Amino acid sequence: MIEGINVPSGSLTLMAKDKHPTLKITLPNGISLIKFGSSEEEYQSLYSNLGCVKINVIGKCEKNIWNGIISP
């Protein structure tokens, strides 16, 4: 668990919003947080905060391999 992560609204991306909405948050250090089972409403709620929102995260760390690209 990590508390109090400052997330600029420009680092939010809603992927696959028509099928299985997935929220991707790219942190300044290059690490991406992925939340499966998100929604357009959740994305808009976070994005509409004036420039930055503070979040708490509970999850696990994994290495992502997609099309030969490895990312944290």
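1. Glu41 is a residue of helix H1; helices here are DSSP runs of H or I with at least four residues, strands are runs of E with at least two, and both are numbered from the N terminus. Glu41 counts as exposed because its relative accessibility is 60%, where exposed means over 50% relative accessible area, buried under 20%, and partly exposed in between (1.4 Å probe, protein chains only). Between Glu41 and Asn29 there are 12 residues of sequence separation and 27 Å from C-alpha to C-alpha.

2. On the basis of the note: this is a predicted model, in which local features need pLDDT of at least 70 and side-chain atom pairs count only at pLDDT 80 or more, while totals for chains, interfaces and linings use all residues. Residues are numbered from 1 along each chain as its sequence is written, and side-chain values use heavy atoms, with hydrogens and water left out.

3. The largest nonpolar core has 12 residues, namely Ile5, Val7, Leu12, Leu14, Leu23, Ile25, Leu27, Leu33, Tyr43, Leu46, Val53 and Ile55. A nonpolar core is a set of buried Ala, Val, Leu, Ile, Met, Phe, Trp, Tyr and Cys residues joined through side-chain atoms within 4.5 Å. Two or more residues of this core come from each of strand S1 (2-8), strand S2 (12-15), strand S3 (22-26), helix H1 (40-47) and strand S5 (52-57).

4. Which residues does Leu46 contact, leaving aside its neighbours within four places in sequence? They are Leu12, Leu23, Val53 and Ile55, with contact meaning heavy atoms within 4.5 Å. Leu46 is itself one of the core residues.

5. Strands S2 and S3 pair in the antiparallel sense over 4 bridges; two strands are said to pair if DSSP finds at least two bridges between them. In this pairing Leu14 stands opposite Leu23 in S3, and both Leu14 and Leu23 are listed in the core. The hairpin formed by S2 and S3 has 6 residues between the strands, and Ala16 in the turn has a positive phi of about 50 degrees.

6. S3 also pairs with S4, again antiparallel, over 5 bridges. Thr22 has Phe36 in S4 as its bridge partner. The hairpin of S3 and S4 has 5 residues between the strands, and Gly30 takes a positive phi near 95 degrees there.

7. Met15, Ile34 and Phe36 make a nonpolar surface patch of about 310 Å². Patches are made of residues with over 30% relative accessible area and no salt bridge; like charges are joined within 9 Å, and nonpolar side chains (Val, Leu, Ile, Met, Phe, Trp, Tyr) within 5 Å. Accessible areas come from the Shrake-Rupley method with a 1.4 Å probe, and for residues only the protein chains shown count as cover. Ile34 is found in strand S4 (residues 32-36) and is partly exposed, at 40% relative accessible area.

8. How many salt bridges are there? The count comes to 2, a salt bridge being a side-chain nitrogen of Lys or Arg within 4 Å of a carboxyl oxygen of Asp or Glu. Side chains of opposite charge can pair when their charged atoms come close. Lys35 and Glu42 form a salt bridge, with the closest N and O atoms 2.8 Å apart. Lys35 is partly exposed at a relative accessible area of 38%, and Glu42 is partly exposed at 25%.

9. Glu62 and Lys60 also form a salt bridge, with the closest N and O atoms 3.3 Å apart, and both residues are exposed. Lys60 lies in the loop between S5 and strand S6 (64-66) and has 69% relative accessibility. Lys60 and Ile31 are 29 residues apart in sequence and 13 Å apart in space, C-alpha to C-alpha.

10. Val57 lies in strand S5. Leaving aside neighbours within four places in sequence, Val57 contacts Met1, Ile2, Ile5 and Leu33; of these contacts, Ile5 and Leu33 are in the core list. From Val57 to Ser38 the C-alpha distance is 14 Å, at a sequence separation of 19 residues.

11. Asn67 deserves a look at its backbone: its phi is positive, about 55 degrees, although Asn67 is not a glycine. Asn67 is placed in the loop between S6 and strand S7 (69-71), and it counts as exposed because its relative accessibility is 69%.
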